[in-house]
Amino acid sequence: MNTKPIIPVFFTIDESYAPWLSVALLTMKENASKTYQYDVHVVYHEMSEDAISRLSAIAGDC
């Protein structure tokens, strides 16, 4: 059972913002506090399968 406080994080993006979301996710991974659990949600519109795969790979490394 996880007892860490949860911090929800939401992003809404389209294809043009995908590279910037990659930077934000990597920065979060590098600087996240061990005290908290982060629950990241991404709502997207008109994204290519390639962009989705790249972002999923970053998220999968968490």
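**Burial.** I looked up how much of the protein chain is tucked away: buried residues make up 18% of its 62 residues. Buried means under 20% relative accessible area, exposed means over 50%, and partly exposed lies in between, with a 1.4 Å probe and protein chains only.

**Ground rules.** I noted that this is a predicted model, where local features need pLDDT of at least 70 and side-chain atom pairs count only at pLDDT 80 or more, while totals for chains, interfaces and linings use all residues. Residues are numbered from 1 along each chain as its sequence is written, and side-chain values use heavy atoms, leaving out hydrogens and water.

**Layout.** I found two helices and two strands in the protein chain, in the order β-α-β-α from the N terminus. Helices (H or I, at least four residues) and strands (E, at least two) are DSSP runs, numbered from the N terminus. The C-alpha trace spans about 35 × 20 × 20 Å along its principal axes.

**Contacts.** Next I checked contacts (heavy atoms within 4.5 Å). Of those in the protein chain with a separation of 6 or more, 79% join residues 24 or more positions apart.

**Trp20.** Is Trp20 buried or exposed? I found Trp20 in helix H1 (residues 18–31), and it counts as exposed because its relative accessibility is 55%.

**Charges.** I noted 4 positive and 8 negative side chains in the protein chain, the centres of the two sets lying 14 Å apart. Lys and Arg count as positive, Asp and Glu as negative; His and the chain ends are not counted. The place of a charge is taken as NZ of Lys, CZ of Arg, CG of Asp or CD of Glu.
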